[in-house]
Amino acid sequence: MDRDSALNIYSIAAHRGFADALVAGLVPRYSDPLLGLAKVTLLVPSTRAARTLSEAFVRHSGDAGLLMPRMVAIGDLGLNEALGALLDPLGAAEIPRAVDPGRRWFELAELIEDARKSEGEETPLPGAVRLRMARDFGRVIDRLLVEEKTPADLLEPEVLNEFQNISEHYQKSIRIFAKVQAFWNSRLDETGEVDAATRRNMLFDRAAKAWRDDPPKSPIIAAGVTSAAPALARLLRVIAGLPNGSVVLPDLDLGLSDEAWEELGQAGASDEAGGDIFSKRDCVTHPQYHLKLLLERMGIARGEVSAWHRKGEGAAPPQRSKAISSVFLPPKASKSWAKLEAEERKLPGLGLVELATSEEEAQAIALMVREALETPEKRIAVVTADRSLARRVTQHLSRWNITADDSAGRALSLTPAGRFLGQLAEIAAEGLEPANLIAALAHPLVRGQDVDERRAWLKCLRLFDHRLRGPAPAPGLEPLRENAAKADVSEWWAKVEGLLSGLLDWPQDMPLAQAIDACAETAEKLAGLSVWAKEDGRALSRMIEELRRHARDVGTHIASADIALVLRDAMDEIAVRPPYGSHPRIAVYGLLESRMARADLVICGGLNEGSWPQVPGPDPVLAPAILRAMGVPGAEFRIGLAAHDLAGAMGAREVVVTRALRDADGPTLPSRFWMRVTALLGEKMTGEHSLTSIPDILPQIDRTPPDNPPDYPQPAPNPSPALRDVPIKVTALDRLLGDPYQFYASEILKLRRLDPLGADPFGDPALRGTMVHDILDKWHRAGGKDTLAAFARDYFASRNVHPLFRGLWQPRILEALERFEDWIAEAKAEGREILATEISGAMRFDGVKVSGRADRIDRLADGTLAIVDYKTGSPPSNEQVKNGYALQLGLLGLIAQYSSFEEEGGQLVSGDASKFEYWSSGKDKGAFGKVTSPMKTGSMRSGILPEDFIPFHERKLSQAISRYIKGDALFKARENPDYEGYSDYDQLMRVEEWAIRLFEAGEGNEA
């Protein structure tokens, strides 16, 4: 590594493998027989990089052992990492202390409100929005400080000229930001503190000056540092000039032509004094752009950088680096692809896999990892920016008992402890909504310390859960108490109320610290200390302690409805990483974590636009033109970093790049990097590089059917006579004749649909029907003293009706009931008398019990009965009744004729029925409410003649009993396709597996 040049700066090509190649060069040069590399100091970009290098040293030393060098992280602000002790020693008393980032967050939120008022904005922002805005402002402040920009730079002529050309939104945003920054700097002057980014710059300059004035005798090597921050660039320049210093860059393309290098753009170097240092024409998305920017700020030409002379254990052929360089050539230089020979286009060792969905992509990656593990000592790395894809891969690997932890970690909000606190915060913010309530009470941490206590808790919770299924109850505790009583868990619910008391009845506005305290205390009441026990619990505990301490110091207030959003935003900023337990030869990385890492097989997943690279959103505070005028790289700069990450990963000996054609949001666009690779290869060689074995295996992985698997048949169960002997409800006969399988599932298997929690009350017909029936029944039993509409209004007022139902359905129901009352009065004038409402009856018919409930039974003037059925939707048509698909009214007439209806008081109602009516609250000719009859009377064109109505239903009932209850007919699924029954049992009958097949075979009447 000795050179005649005064500068020691090197680059390790992508194909060599940065960590292993670095170690291979450092050990022979600096290793001491007694001290090993203990005298060497390595400056690395992050603690993750230090771990990667440690693993490389272990691999290199083998069984011999080695004292490793001291590794110091430069403290990446984006990773919330602090500087190592070497750069931030205890003796640096002349450097002001850094302000706590949590306190700054809350104080910036307060300053934002002051700045908005000075701009004439009188309406205060909601607490969650204000805190999000403060976080954005904090990031912009740090970004400008890293670039060593001051508030005065916003007033430079170049910036003011651009200010007139940007939108009014950005103008207002910049004015507010400038005022907030001025207020904040004044506050820092008062406390004697500085921002963390400022202190970091000062420490870099301090170290640079100290090493320049008194060069260290022991070696100092900056390895893998690519940040182009000016202060860090100055420090790296000093290190490169030290007698025992070196700077080693990853993947600087020394083979790129000078023309292509110049095409990258100015990269921080102005063509003239005082000119722009960033241009719109700069290729900021190129993987070499940030390295060119770093060299420009270091004051070093690319020609002064030497190639590292060693390579790692898993190095790829040298042609790989040349191919990678060709893939990422800037636009004009890409014209050289036309002159490349076929051999020069090849990317040996690279495989392309394109899957139909992101789920298949995750499964394919897991299968490739599983296959690679069969090779002893082979190391596999999965690299993806898509955290969802990473989680799916680890879940698929778990099917083979392979634990592969995602080193990028999970957001705290997605961990068990974080989810639990988030669920409690949602209860505090939104009230006792059933879905949130049950989710929180069923969380695995609740009563999880004692198995017996957990079992008893879940037993009561399941009964309560089952009772809450269906339309959402009205807000408040009383409806929940009523449901708990009906579920026979009142005592349990009383305890739950006490545990949740801290989350109820919050004021509209309250101190944030108080809200956090209430959520944390409730979590501990429900789950005990286990909520803080594991790594996610410890991270949650630290976050809560910091949040409430700073919120209390600053006096931050929020709307109580914002607490869930505030806590979720805070948890999303914290990554929780597993401490141990992963497979030693598998690593799942995010892009940041993958830098410097190398494996024998590298799988780059999620090569779609929006994932890799992630689409950078516009800066919410400063417009791109303003950033360029200030000399700050724009948001597109991150695309170049993502490109550099891919270029580094593609340097591995064996690489597989994957993408999915669709994800959860719909069709995807291939990544610009994927398109460049396929464009370089050409159509023919893209096919040669495409891997087909894994996609071919995927359909077989979950099931291995025989060569000619039998088609799933149309279900037609044949229960034993003992099981067939069941009673028939008047509402079930049409189901038995129309779709026997549904009757079988409902009445023989006793299966019922489980309604969702907190279902939409507006769309639930059962709720509407129940309430209309209840209103009419109670009104009739009260003697009709009040008008029906007035009675209904009092009924709605006394019930805990959901506000959505009250607002949307109550007016319609009241209008229909007013018409009902008029018709009832007209019927009474004609001698018609209401005998009973909501009355039950039963009879024995051919030895089978037939039962039902009549909504209303009237006595007509001629002594016969009229049976009325209330409907809240459209009543059945006469054609449906004639076809045997709506037999309820006729069966009620049979019960009245052959047996009787009986009320609780002992009143019996029986006799011949001659009139059958549907009274519907549905819309008819612009008004709500109508009366129809299923019989063919007057000028009606269809229906059953009155004299044939009862005999028709008798025949249908006799037919059903003889065939299904007493006979041996099969309960065939969808036997009659014209029957418009329920779809509750479609999944049970697996209708999609056979219905289409029968239809295509010309047996549509069977499907």
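Where is Leu 34 found? In this predicted model, Leu 34 sits in the loop between α1 (18-30) and β2 (41-44); helices (H or I, at least four residues) and strands (E, at least two) are DSSP runs, numbered from the N terminus. Residues are numbered from 1 along each chain as its sequence is written. Because the model is predicted, local features need pLDDT of at least 70 and side-chain atom pairs count only at pLDDT 80 or more, while totals for chains, interfaces and linings use all residues, and side-chain values use heavy atoms, with hydrogens and water left out.

Leu 34 is exposed, with a relative accessible area of 75% (exposed means over 50%, with a 1.4 Å probe and protein chains only).

Further along, β19 (residues 848-859) has several partners to look at. Two strands count as paired if DSSP finds at least two bridges between them. With β17 (residues 728-729), β19 pairs in the parallel sense over two bridges, and Ile 728 has Val 850 as its bridge partner in β19.

Strand β18 (residues 833-845) runs antiparallel to β19, and eleven bridges join them. Here Ile 834 stands opposite Asp 858 of β19. These two strands make a hairpin with two residues between them, and Asp 846 in the turn has a positive phi of about 55 degrees.

Then comes β20 (residues 865-871), which pairs with β19 in the antiparallel sense over four bridges. Asp 858 turns up again, this time with Ala 866 in β20 as its bridge partner. The hairpin of β19 and β20 has five residues between the strands, and Gly 863 there takes a positive phi near 95 degrees.

Technical notes
Buried < 20%, exposed > 50% of the residue type's maximum accessible area, 1.4 Å probe, protein only.
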